[in-house]
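Try each task on your own before you read its solution.

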Amino acid sequence: MTRYVIIGTGAAGVSAAEAIRQHDKTGEIILIGEEPEGYYSRPGLAYILTKEIPEEQLHPFEPQDFKRLGMQFLNMQATHIDSATGKVTLHDGRKLTFDRLLLATGAEARPAGVPGEKLPTGETLPGVVQLDNFANAREIVQRARKAKAAVVVGGGITALELVEGLLALGVKTHYFLRGDRYWSNVLDETESRIVEHRLQEEGARIHFNTEIEAILQKRAGLFGRGEACVGGVTTKAGDTISCDIVGVAVGVGPRLELAKTAGVRIEKGVVVDKTMQTSMSNIFAAGDVAQDFDPSTGKPVMDVLWPTARDQGRVAGANMAGVHTLYVRNIPLNVTRLAGLTTTIIGAVGGRVPDNDTIGIVRGDSETWREIPEAIAAQSNFDVNRIRLMVGEKTLLGAIVMGDQKLSQPIHQLVAHQIDITAIRGRLLAPNARIGEVIAEFWEMAR
Ligand SMILES: Cc1cc2nc3c(=O)[nH]c(=O)nc-3n(C[C@H](O)[C@H](O)[C@H](O)COP(=O)(O)OP(=O)(O)OC[C@H]3O[C@@H](n4cnc5c(N)ncnc54)[C@H](O)[C@@H]3O)c2cc1C
C-alpha cells in the first residue's frame with residue numbers, strides 16, 4: 001500500500017488528496033497542517049473582519065469529511081524532510097515515512113522591512129498585523145476592539161481588505177500608497193479612482209506617495225508598564241501618525257523553509273515540471289509554493305490564486321497516484337471585491353500585457369451596455385459598472401469587469417478559449433463603441 005504524505009491543508013493540498021483518493025482507493029493519505037482549522041476558504045478571511053460571514057461558513061470541509069475520504073489529518077508542523085530516507089520530521093520529533101510527498105505549504109505576507117517592525121528577539125512587534133490565516137484575522141478583530149487608529153501599507157487586494165476590515169471594526173484607518181493611485185499595475189486610472197473614492201466614502205484616509213520610514217514603539221497598559229507594541233509610524237516625508245495597528249500587505253512570498261530541507265530545486269519557488277513533480281521523483285509541489293513555467297514566454301510563473309492551487313493540486317495528486325496527467329495553465333481568473341465592487345480580472349491586464357500583442361484597449365460603462373439580455377446571467381444593481389477589454393490581433397487577451405457581472409463569464413470564455421473575434425474587432429475598437437452590446441450579441445451567436 002502506498003503512503004502519500006501531503007504537507008499543507010490548503011486548496012492545493014486538499015485538492016491533491018481528493019485526486020489521489022479518486023485514483024487510488026486503498027492508499028494511505030496523511031495530511032499534515034499546522035493550522036487547527038484545517039481546510040478553509042482563505043479568500044473568505046476578509047469577511048471575518050467585516051463580520052459579513054460567520055467563521056463556520058468558511059469551511060467547505062469538516063474533520064469527518066477527511067475521515068469519510070479515508071484520510072488522516074495531523075494538526076502538526078513539519079520541520080524537516082529527509083528525501084534520501086523518505087522521512088518527514090514533525091515538530092514533536094516524530095518521523096513519518098512516505099512513498100510520495102506533496103509540498104503544498106503556500107505563501108505568506110512579506111514583512112514591510114522597516115525599522116521598528118521587529119523586536120530585538122526577532123519577533124514581530126505586537127500590533128504589526130498581516131492577513132494570511134485565521135489566527136491573523138482573529139488577532140485583528142481582537143486588537144481592533146481597543147485600537148483607535150491604524151495604518152495600512154500595500155497596493156493590492158489584501159491591503160484593501162485590511163483597510164475595509166479595520167474600518168468595519170470601527171478603527172480610524174490611514175491607507176498609505178507608495179504611488180499616486182491604487183493598484184496601478186493592474187487597474188487603469190479611472191478604475192483606481194473609483195476604488196479610492198469608494199474607500200474614502202467608507203472613511204479611509206488615503207495618503208498618496210507615502211511610505212513608512214519607521215514603526216514607533218510604545219509600552220501598552222496602565223502607566224506604560226506592559227509589552228512593547230505599535231505606537232505609530234513616521235513617514236519618509238517626515239510626518240508622524242499615532243496608531244495602534246500597522247497592517248502590512250506589501251506582497252507575498254512562497255513558504256520555502258521546508259522545501260529547502262528536502263534539497264529539491266528552488267528558484268523563486270519550488271521548481272516543478274508539467275506533472276508537478278519537483279527535481280526529486282517522489283516529491284511533488286503545488287499551489288502558491290510551486291514555480292511553474294509560462295509556455296508562451298518560457299518565463300517562470302508564481303501564481304497566488306485559489307483556482308490555480310486547486311488545479312495544480314489535482315494534477316499533482318493524479319500523478320502521485322500513478323495516473324500521468326499534465327498541468328495546462330488556464331487563463332488567470334480572479335473574482336474579487338474592491339471597495340464593495342465585485343470585480344473580475346481575466347487574463348492579461350495592466351502591466352501584464354505584452355505591448356506588441358495588444359491592438360487596443362476598449363472601455364465601456366453602464367450606459368453602453370445596459371440593454372444586455374438578462375439571459376446572460378449574474379449580478380447587477382451596482383452603482384458603478386465598467387468593462388475594459390484588452391483586444392489582440394484575433395482574440396481578447398484580457399479584461400476587467402467591475403460591478404455588474406453579466407458579461408464576466410462570456411468574456412472569460414472568449415479569452416480562455418481564444419475565440420476568434422475578428423468579426424467584431426472593428427466594432428469593438430470604433431470610437432464610442434457599445435462594447436457590452438457587441439460582446440453580448442457575439443456571445444449569443446458564438447455559443
Ligand atoms: C486574505 C487573502 C485573500 C485572498 N483572495 C484571493 C482571491 O480573491 N482570489 C484568489 O484566487 N486567491 C486569493 N487568495 C490567494 C489564495 O487563497 C491562495 O492562492 C491559495 O490559498 C493557495 O493555496 P495553497 O494550498 O497553495 O496554500 P495555502 O492555502 O496557503 O495553504 C498552505 C497551508 O500549509 C500550511 N503549512 C505551511 N508550512 C507548513 C509546515 N511546515 N507544516 C505544516 N503545515 C504547513 C500553512 O499553514 C497553510 O495552512 C487570497 C489569499 C489571502 C491570504
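Predicted model: local features only at pLDDT ≥ 70, side-chain atom pairs only at ≥ 80, totals over all residues.

**Exercise 1. Find how H9 and H11 are oriented to each other, and say which residues make their contact.**

Step 1: Take the two helices, H9 at residues 408-416 and H11 at residues 435-446; their axes come within 10 Å and cross at roughly 70°.
Step 2: Angles of 65 to 115 degrees count as roughly perpendicular, so H9 is roughly perpendicular to H11.
Step 3: Look at the hand of the crossing of H9 and H11, which is left-handed.
Step 4: List the partners. H9 brings Pro-410, Ile-411, Gln-413 and Leu-414, and these meet Ile-439, Phe-442 and Trp-443 of H11.
Step 5: Sort the residues of this H9 and H11 contact by class: six are nonpolar, one is polar and none is charged.

**Exercise 2. Describe the packing of H1 against H8.**

Step 1: The axes of H1 (residues 11-23) and H8 (residues 306-320) come within 7 Å and cross at roughly 35°.
Step 2: H1 passes H8 in a right-handed crossing.
Step 3: Pick out contact residues: H1 contributes Ala-12, Ser-15 and Glu-18 among others, while those from H8 include Trp-306, Arg-310 and Gly-313.
Step 4: The class count for H1 with H8 is ten nonpolar, four polar and three charged residues.

**Exercise 3. Where is Ser-83 placed, and what does its side chain meet?**

Step 1: Ser-83 is in the loop between strand S4 (78-82) and strand S5 (87-90).
Step 2: Set aside neighbours within four places in sequence; Ser-83 is then in contact with Ala-262, Met-280 and Ile-283.
Step 3: Check for polar pairs. A polar side-chain atom of Ser-83 lies 2.8 Å from the backbone oxygen of Ala-262.

**Exercise 4. Which residues come nearest to the ligand?**

Step 1: There are 33 residues around the ligand, and those that come nearest are Ala-12, Glu-34, Glu-35, Arg-42 and Asp-288.
Step 2: For a side-chain example, go to Glu-34, where an N or O atom of the side chain is 2.7 Å from a ligand oxygen.
Step 3: Turn to the backbone. Asp-288 has a backbone N or O atom 2.9 Å from an oxygen atom of the ligand, and a polar backbone atom of Leu-305 is 3.1 Å from a ligand oxygen.

Definitions and conventions
Residues numbered from 1 in each chain as written. Heavy atoms only, no water. Axes fitted to C-alpha atoms, helices over the stretch in contact; angles between N-to-C directions. Helix = DSSP H or I, 4+ residues; strand = E, 2+ residues; numbered from the N terminus. Parallel < 35°, antiparallel > 145°, perpendicular 65-115°, else oblique. Left-handed = near helix turned anticlockwise from the far one by under 90°. Contact = heavy atoms within 4.5 Å. Nonpolar A, V, L, I, M, F, W, Y, C, P; charged D, E, K, R; others polar. Near = heavy atom within 4 Å. Polar contact = N/O pair within 3.5 Å; in protein donor to acceptor, adjacent residues only side chain to side chain.
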